[in-house]
Amino acid sequence: MADTQQVDAKAERKVARLARQISAFSKKHGGAEGQLANIGQRGTRIVLVGEDGGWGDLVAPSPEIAEKAVEKSGITVHEEFDGEFAAKVRTGPYEWSRMAGIQVGGPSNG
């Protein structure tokens with residue numbers, strides 16, 4: 001039983017840390033919304049989009065931890081990264097140059 005308590009305590013610390021990071025992002029960007037994406041054995045990606053169009057992501061070790069973290073942070077979570085949600089993302093020159101590089105074969109194509 002002690003092992004289970006240690007695992008639970010570790011998971012709760014991870015939830016709390018992710019929730020603080022999500023809340024900090026939300027505060028910095030005037031609010032935030034998110035979407036959870038399973039990335040296999042690596043865990044669950046928490047995609048964040050701020051009200052100002054800023055964006056970022058975090059990785060939780062499991063879907064359960066990701067769900068608890070976004071719930072604790074209080075942000076709205078979307079089922080899908082659909083057109084309406086994606087339209088809120090604002091990209092800058094860096095992102096456009098990276099996307100263009102990928103489309104023409106990437107940086108090693110020069």
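Trainee: Among the elements of the chain, which has the lowest mean pLDDT and which the highest?
Mentor: Helix 4 (residues 93–103) has the lowest, 62, and helix 2 the highest, 97. pLDDT is the predictor's confidence in each residue, from 0 to 100. Helices (H or I, at least four residues) and strands (E, at least two) are DSSP runs, numbered from the N terminus.

Trainee: What is the mean pLDDT of the chain?
Mentor: The mean is 85, and 80% of the residues reach 70 or more. Where pLDDT is low, the predicted coordinates should not be read in detail.

Trainee: What are the ground rules here?
Mentor: This is a predicted model, in which local features need pLDDT of at least 70 and side-chain atom pairs count only at pLDDT 80 or more, while totals for chains, interfaces and linings use all residues. Residues are numbered from 1 along each chain as its sequence is written, and side-chain values use heavy atoms, leaving out hydrogens and water.

Trainee: OK, strands. How many bridges join strand 1 to strand 2?
Mentor: There are 7 bridges between strand 1 (residues 32–38) and strand 2, and the two run antiparallel. Two strands pair if DSSP finds at least two bridges between them. L36 is opposite I46 in strand 2. The hairpin has 5 residues between these strands, and G40 there takes a positive phi near 75 degrees.

Trainee: And which way does strand 4 run against strand 1, parallel or antiparallel?
Mentor: Strand 4 (residues 76–78) runs parallel to strand 1, with 3 bridges joining them. G34 is opposite V77 in strand 4.

Trainee: Q35 is in strand 1 too. Buried or exposed?
Mentor: Q35 counts as buried because its relative accessible area is 10%. Buried means under 20% relative accessible area, exposed over 50%, partly exposed in between (1.4 Å probe, protein chains only).

Trainee: What is Q35 in contact with?
Mentor: Leaving aside neighbours within four places in sequence, its contacts (heavy atoms within 4.5 Å) include R45, I46, V47, V77 and H78.

Trainee: Switching to the largest nonpolar core. Which residues touch the most other members?
Mentor: Of its 14 residues, those are L18, I22, I46, L48, L58, A60 and I75. Helix 1 (2–28), strand 2 (44–50), strand 3 (55–60) and helix 2 (63–73) each supply at least two residues of this core. A nonpolar core is a set of buried Ala, Val, Leu, Ile, Met, Phe, Trp, Tyr and Cys residues joined through side-chain atoms within 4.5 Å.

Trainee: What does L48 contact?
Mentor: Setting aside neighbours within four places in sequence, the contacts of L48 include I22, F25, W55, L58 and I75.
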